[in-house]
Amino acid sequence: MKARRKGELLRVDLQATEAALLSVLFDDLGTLLDVGNTADTADPVLQRLFPDGYTDDDAASAEYRELVAADLASERSGRLQACRAEVPEGGGRMDLDAEAADRWLRVINDLRLALGVRLGVTEEAELDESEQSVNVYHWLSAVQETLVTHVMD
């Protein structure tokens with residue numbers, strides 16, 4: 001992935017393999033969010049994406065989750081669907097305005113959080129660099145860093 005500023009736009013060029021990978025990742029996260037499982041507090045990925053509102057009061061936390069989980073999941077799904085629609089099939093260029101760049105940063109962050117939970121990423125964890133999913137995690141981190149760097153310009 002290459003990115004650069006073009007006036008007010010962030011111009012992002014994706015190779016075909018990058019576009020295909022993002023499409024798969026977006027679809028996988030979309031499935032997790034669309035199934036309505038966001039109330040499933042046993043899934044560690046959903047716990048990370050939708051943390052408890054209150055850490056010291058289970059009843060208040062359950063009430064908070066009941067009140068906001070659907071809206072938060074809907075917002076996440078909307079951002080995800082918008083990004084998914086912008087991925088050029090077969091690779092290519094995307095021109096992102098400030099709102100789209102912010103949306104992309106949020107979705108890439110969600111992907112990293114989800115994959116990081118599945119991989120057990122912590123400060124102390126030693127990841128098996130030969131695993132494909134670890135390489136995907138590192139690639140997502142690089143994508144996020146590239147976007148942040150160019151958004152901050």
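**Close-up A. Arginine 84 and aspartate 27 meet in a salt bridge.** The N to O distance between the two side chains is 3.0 Å in this predicted model. A salt bridge here is a side-chain nitrogen of Lys or Arg within 4 Å of a carboxyl oxygen of Asp or Glu. Arginine 84 lies in helix H3 and aspartate 27 in helix H1 (residues 16-34), so the pair ties together parts that are 57 residues apart in sequence. Helices (H or I, at least four residues) and strands (E, at least two) are DSSP runs, numbered from the N terminus. Arginine 84 is partly exposed, with a relative accessible area of 30%. Aspartate 27 is also partly exposed, at 38%. Buried means under 20% relative accessible area, exposed over 50%, and partly exposed in between (1.4 Å probe, protein chains only).

This is a predicted model: local features need pLDDT of at least 70, side-chain atom pairs count only at pLDDT 80 or more, and totals for chains, interfaces and linings use all residues. Residues are numbered from 1 along each chain as its sequence is written, and side-chain values use heavy atoms, with hydrogens and water left out.

**Close-up B. Aspartate 95 forms a salt bridge with arginine 11.** The closest N and O atoms are 2.9 Å apart. Aspartate 95 belongs to strand S3 (residues 92-96) and arginine 11 to strand S2 (residues 9-14), so this pair ties together parts that are 84 residues apart in sequence. Aspartate 95 counts as partly exposed, at 39% relative accessibility. Arginine 11 counts as buried, at 14%. Side chains of opposite charge can pair when their charged atoms come close. A search of the whole structure finds eight salt bridges.

**Close-up C. Aspartate 13 forms a salt bridge with arginine 4.** The closest N and O atoms of this pair are 3.7 Å apart. Arginine 4 is partly exposed, with 40% relative accessibility.

**Close-up D. Phenylalanine 26 and tryptophan 104 form an aromatic pair.** The structure holds two aromatic pairs. In this one the ring centres are 5.5 Å apart and the planes stand at 65°, so the pair is edge-to-face. Rings of Phe, Tyr and Trp (its six-membered ring) pair if their centres lie within 6.5 Å; planes under 30 degrees apart count as stacked, over 60 as edge-to-face and the rest as tilted. Phenylalanine 26 lies in helix H1 and tryptophan 104 in helix H4 (residues 98-119), so the pair ties together parts that are 78 residues apart in sequence. Phenylalanine 26 is buried, with a relative accessible area of 1%. Tryptophan 104 counts as buried too, at 3%.

**Close-up E. Tyrosine 54 and tyrosine 64 form an aromatic pair.** Their ring centres are 6.3 Å apart and their planes are at 90°, so the pair is edge-to-face. Tyrosine 54 sits in the loop between helix H2 (44-49) and H3, and tyrosine 64 in helix H3, 10 residues apart. Tyrosine 54 is partly exposed, with a relative accessible area of 42%. Tyrosine 64 counts as partly exposed at 33%.

**Close-up F. The charged end of arginine 76 sits over the ring of phenylalanine 50.** The distance to the ring centre is 4.9 Å. A charge sits over a ring if NZ of Lys or CZ of Arg is within 6 Å of the ring centre and within 35 degrees of the ring normal. Arginine 76 is in helix H3 (residues 58-86). Arginine 76 counts as buried, at 14% relative accessibility. Not counting residues up to four places away in sequence, arginine 76 touches Leu33, Leu49, Phe50 and Asp110. Contact means heavy atoms within 4.5 Å.

**Close-up G. The side chain of glutamine 144 makes a polar contact with the side chain of arginine 112.** The distance is 2.9 Å. A polar contact is a pair of N or O atoms within 3.5 Å; within protein, one must be able to donate a hydrogen and the other to accept it, and residues adjacent in sequence count only if both atoms are side-chain atoms. Glutamine 144 lies in helix H5 (residues 132-152). Glutamine 144 is buried, with a relative accessible area of 16%. Beyond residues up to four places away in sequence, glutamine 144 touches Leu105, Ile108, Asn109 and Arg112.

**Close-up H. Methionine 1 lies in the segment before strand S1 (2-6).** Methionine 1 counts as partly exposed, at 23% relative accessibility. Leaving aside neighbours within four places in sequence, methionine 1 is in contact with residues including Val12, Leu14, Val143 and Leu147.
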